[in-house]
Amino acid sequence: MSDVFLNGKFLGTTEDPKEIVEEVREGRREGKIPKEFNVRHNKDEDNIQINTDTGRVRRPLVIVEDGDPKLKDKHIEKIDEGEMGWNDLINEGIIEWIDAAEEEDLLVATTEEEVTEKHTHMEIHPASILGINASLIPFPEYNRGDRISYGAKMIGQTLGFYSANYPLRADTKSNLLAYSQTPLVTTQAEEATELNKHPAGQNVVVALLSYKGFNIEDALIMNQKSVERGFGRSYFFRTYDAEKKRYSGGQEDEIKIPEKDVRGYRSEEAYSQLAEDGIVPPEVEVEGNDVIVGKTSPLRFMGTGDFVTGIQNRRETSITVRHGEGGVADKVLLSENEDGNKLVKVTLREQRIPELGDKFATRYGQKGVLGLLEKEENLPFTKDGITPDVILNPHAIPSRQTVGQMLEVLAGKTGALEGKKVDGTAFTGKTNEDFKDKLKELGFRSDGKEVLYNGETGEKMEAEIFQGIVYYEKLEHMVSNKIHARSRGPVTLLTKQPTEGRAKEGGLRLGEMEKDCFIAHGASMTLKERFSSDEVTLPVCKKCGIIADEDEKTGKAMCPMCKESDVEEVPMSYAFKLLLDELKSMVIYPKLEVEEAV
Amino acid sequence: MDYKKMVDKLEEELPEKVRNRLKERMEEEDLNKEEAQKLIKNTKESYKKARFEAGEAFGVVAAQSISEPATQMTMRTYHVAGSAQGVEITQGLPRLIEVVDARKTIKTPSMDVYLEDDFNNEDGAKEVAKNIKETKMGDVASEDRVDLLNLSIEIDVNSKKLEGMDLDLEDVVGKLNKGRRKYEAEIEGEAIKIEPKDEDISVRELQRMKNKVMGKHLKGIKGISQAVVTEKKGSWMIQTLGTNLKKVLGVEGVDPTKTVSGDPREMQKVFGIEAYRNTILKEGHKTIKEQGLDVDIRHMMLVADMMTTDGEIKAIGRYGVAGEKGSVLARASFEVTVRHLTEASIKGETDELNSTVENVIINQTVPVGTGMYEVSYEPKK
């Protein structure tokens, strides 16, 4: 007696679970039952699970009956001729969608040769074991698995032509690679995912060579000229929003160049880029901290004494360019939001030319940062005058065993010379032998090596250098997003200590362990200086040991407890003053015993 | 030349070890008076230089010197399979923490048993090991049966094992029949038969009795489950798993002047606080050294001294050294802030601002190194 569950709900029982499962499957294949049905007989718990609901991951498999796959050559011919499509294959019961539960009962062959009587299904292609990103990597079967994982992860970070309508979009943050190319060495998945329509990388000549030591520790050396020709060039877009909010009492924000008597008025220069309407016009260059939308708001609390007659009682709330960013106003969008308020969106565009420290990668998890931009005339060249675009350090290869990349060099080279794309889909059985003869025919060495000449001396290099075409990706980690330094800058209100983080122009923390190092060196004075960021000098009552109040007008200090002004000026960290205040707020009396300074 | 007289004058300036070495060298080189005095002068200067200067934060230096390698140990504490010929002792970071935390019970207590000269050979060591290792009835039994018909227990004894233990069946029965018990053991052929005194015993009771008999102590010292004989440079010793230092010291052939326990608390109970200090020192340093790291023993000395200065054991941490700091602010900045602040305000404690942490908090110069003195004065010579 087996229980039957439909979408997890108990439906009934059956004496013959096998028959039910068979019947559902038959019905699904014949089209009597919707193809979203998936059925499984769980032998351990002796129940039947039928699932039809949403949210299941399903994948298509070719049906095998009596050791014979239903997908025949005639079908493939018809597909090639365009007479048959995907839906026909499913409707005719050749391919079916299987979910994770149903898969448990099946025996799936990876290739046609593997099929036996026992098999119930067959993979459409053995490469379907890979995910979307991993299947974009050519020759993955020649690499260590972890490298494929890294490579697949980095594909997600590449800059590319992410959308054809990017000029119309107002994404908060987006990157666009200039002159993106489809890879010369590709996979079938690239076409299937239509990545060839919005590629994310460029094919470049890579030499495997140690050069002046600037490509140490996975760094790359790039040809200055190739960068000038557009290699690795990208655009960074950021959209800023400004909303004309309405407040109680009929007041509202104003979008215009603020008047000079507005509270928090910036310098006149800060508003110089604005047009008459208070918004930057397109194609105007702006820098960090420039105003791009001039805006004023009413005061926060009306009638609390803040209000002064005769001047504008408004405060400055303009939208400014982020610190450290800049660029050109790409587009300005005027609209209205759901509350009916006026909405201004300004998109800035910034050109990003590869600079030292930008991150690049191949599809095999071989990532590195730019270490040197070398003049083309100083780079090694071949007898045909070809200079590499990228020089990759050979130390990157042996320990990581990315043989696939070596194959890509060979395949890329033949592809470039023949003017054809090369298929590198997983498990298609291609080897380096496939490229050897072609390379020879095309007038190159069959092992992909070339004789190079030193660009600086013109001497022939002693070793032949492995050189060819590799698809390079520019990753979204660029130095201009990360560079950060500060001497003086903003502090937090509560503690008077420097702010934290790059976005807030923060300081670099000297932490607990760093502090210990100063102590260990006996550098007491240096330590005091480093921690003086929040130092204040406060009057402390000699009698009560409590911080005295300072009269703003006379500048005289008065103890709030004994009403006397017998005080001593004591330097201390503001954080300590805060601790004293907090103790006082909890009815603890922290008394400072002060002496006159020597 | 009376070197001895010259050296003895230095009693207040140089430690004994240095003085002895100085005298030895003088005698070896047969120095004249001028040379000898020059050597003494140089030695005094070198000794002065080798010492910490006033204001040097050697506590922080010791802490850093131990904890930096310890962070590496976290990543590398691996398990050495079958090391030390069978005795597996906690190693690496867990062991180091156990030592400086002054744990009451340690994970794998063990002893290093050294032997007296007469026993310092393979046979002697094996003999002593045999006497130390605890043997239970179950260790010599090859098979046991519960006779449900006659309500009795039969135990077959592995005669080889028995012989190895220098026991015979009669000894075993004798041991089994010692003290208060609910059964009577007797020899029956090659086996031992155990008859319960209570004739109406239930089968369950009988099973329980069997387990009890199997656990009966036959020979050796209680608590020592393993004793492994090892040789190092011609000298034999026994490593044990499980400790019972007091009893082991009394066993014939054991050298009580050298034998130690790996459990510092046990060392303290048997030999006193100085032995405890030395155990901390030795075990701590050994643990770090085993991991291939090099830490100067004087850093461990400071730790061991901090833990034992009072004559009582103090752990490193909240419940020991750090919890007994004089400064309220220093205690509050290290774990359980609120408790220390409340207690200090109830008692009305005063913080004299004598140490480092509290001065960092209020941003004053730390009384260390350059911040040690406010005014310095060098008197004319």
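Reader: How much space lies in the second largest pocket?
Author: About 1700 Å³. This is a predicted model, where local features need pLDDT of at least 70 and side-chain atom pairs count only at pLDDT 80 or more, while totals for chains, interfaces and linings use all residues. Side-chain values use heavy atoms, with hydrogens and water left out, residues are numbered from 1 along each chain as its sequence is written, and chains are lettered from A and ligands numbered from 1 in the order in which they are written.

Reader: Ok, and what counts as a pocket or a cavity?
Author: On a 1 Å grid over the protein atoms alone, a cavity is a set of points where a 1.4 Å probe fits but cannot get out; a pocket is an open set with protein on both sides within 12 Å along at least five of seven lines. Lining residues have an atom within 4 Å of a point. Volume is the space filled by probe spheres set on the points, which are joined across faces, edges and corners.

Reader: Which residues lie nearest the centre of that second largest pocket?
Author: Glu593(A), Asp351(B), Leu353(B), Ile362(B) and Gln364(B), out of 46 lining residues. Elements giving two or more residues to this lining include α13 (574–585) of chain A and α16 (337–347) of chain B. The largest share, 5 residues, comes from β32(A). Helices (H or I, at least four residues) and strands (E, at least two) are DSSP runs, numbered from the N terminus.

Reader: What's the lining like by class?
Author: 25 nonpolar, 9 polar and 12 charged residues. Nonpolar covers Ala, Val, Leu, Ile, Met, Phe, Trp, Tyr, Cys and Pro; charged covers Asp, Glu, Lys and Arg; the others, Gly among them, are polar.

Reader: Switching to cavities: how many of 30 Å³ or more are there?
Author: The whole structure has 4. The largest holds about 60 Å³, and β7(A) gives the largest share of its lining, 3 residues. That lining splits into 3 nonpolar, 1 polar and 4 charged residues.

Reader: And the second largest cavity, what lines that?
Author: Val206(A), Leu208(A), Leu392(A), Gln405(A), Met406(A), Val409(A), Phe466(A) and Val470(A). The space is about 40 Å³.

Reader: What about α2(B) and α3(B), how do they cross?
Author: At roughly 150°, with axes within 11 Å, so α2(B) and α3(B) are roughly antiparallel. Their crossing is right-handed. Val18(B), Leu22(B) and Met26(B) in α2(B) meet Ala36(B), Leu39(B), Ile40(B) and Thr43(B) in α3(B), where contact means heavy atoms within 4.5 Å. That contact has 6 nonpolar residues, 1 polar and no charged.

Note on methods:
Axes fitted to C-alpha atoms, helices over the stretch in contact; angles between N-to-C directions. Parallel < 35°, antiparallel > 145°, perpendicular 65-115°, else oblique. Left-handed = near helix turned anticlockwise from the far one by under 90°.
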